[in-house]
Amino acid sequence: PPSRSVIVTRGEKPTAGYEASIENIAIEKTDGGNNMKVYAKFTDPSEGTAVSQIVTYPYVVAKTTSRG
């Protein structure tokens, strides 16, 4: 089956400690074909946590295959 790459990004963040993750990827059938829904989770550093003072660009990449 053909594969697709999914990228979730948070853009520029002022420090380390920010995260992006993919919780689920689902295919939804519609009248016009199929839609891919990506459920992402964004996590921020906890208040008071020591983090590196460096600009970061949190992202995650997943490869998925289509079925049917």
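**Reading a hairpin and its salt bridges**

Me: How many bridges pair S2 with strand S3, and in which sense do the two strands run?

Reply: First, keep in mind that this is a predicted model. S2 pairs with strand S3, residues 33–43, in the antiparallel sense, over 11 bridges. Phe42 in S3 stands opposite Ala20.

Me: How many residues lie between S2 and S3 in the hairpin?

Reply: Two residues separate the strands of this hairpin.

Me: Let me pick one residue. Where is Glu28 found?

Reply: Glu28 sits in strand S2, which covers residues 19–30.

Me: Which residues is Glu28 in contact with, leaving aside its neighbours within four places in sequence?

Reply: There are these: Gly33, Asn34, Asn35 and Lys37. Take Lys37 from that list. Its side chain and that of Glu28 are joined by a polar contact of 3.2 Å. The pair is also a salt bridge, with 3.2 Å from N to O.

Me: What does a salt bridge need?

Reply: A side-chain nitrogen of Lys or Arg must lie within 4 Å of a carboxyl oxygen of Asp or Glu. Lys37 and Glu28 meet at 3.2 Å, N to O.

Me: Is Glu28 buried or exposed, or partly exposed?

Reply: Use the cut-offs. Buried means under 20% relative accessible area, and exposed means over 50%. Glu28 has 34%, so Glu28 is partly exposed. Lys37 has 36%, so Lys37 is partly exposed too.

Me: How far apart are the C-alpha atoms of Glu28 and Val51?

Reply: They are separated by 39 Å. Along the chain, Glu28 and Val51 are 23 residues apart.

Me: Back to salt bridges. How many does the structure hold?

Reply: Two. One of them joins Lys37 and Glu28. Asp44 also forms a salt bridge, with Arg10. There the closest N and O atoms are 2.9 Å apart.

Me: Where do Asp44 and Arg10 lie, and what does the pair tie together?

Reply: Find the loops. Asp44 lies in the loop between S3 and strand S4, residues 59–65. Arg10 lies in the loop between strand S1, residues 3–9, and S2. So the pair ties together parts that are 34 residues apart in sequence.

Me: Which of these counts as buried, and which as partly exposed: Asp44 and Arg10?

Reply: Apply the cut-offs again. Arg10 has 18% relative accessibility, so Arg10 counts as buried. Asp44 has 45%, so Asp44 counts as partly exposed.

Notes: Residues numbered from 1 in each chain as written. Predicted model: local features only at pLDDT ≥ 70, side-chain atom pairs only at ≥ 80, totals over all residues. Heavy atoms only, no water. Helix = DSSP H or I, 4+ residues; strand = E, 2+ residues; numbered from the N terminus. Buried < 20%, exposed > 50% of the residue type's maximum accessible area, 1.4 Å probe, protein only. Contact = heavy atoms within 4.5 Å. Polar contact = N/O pair within 3.5 Å; in protein donor to acceptor, adjacent residues only side chain to side chain. Pairing = 2+ DSSP bridges.
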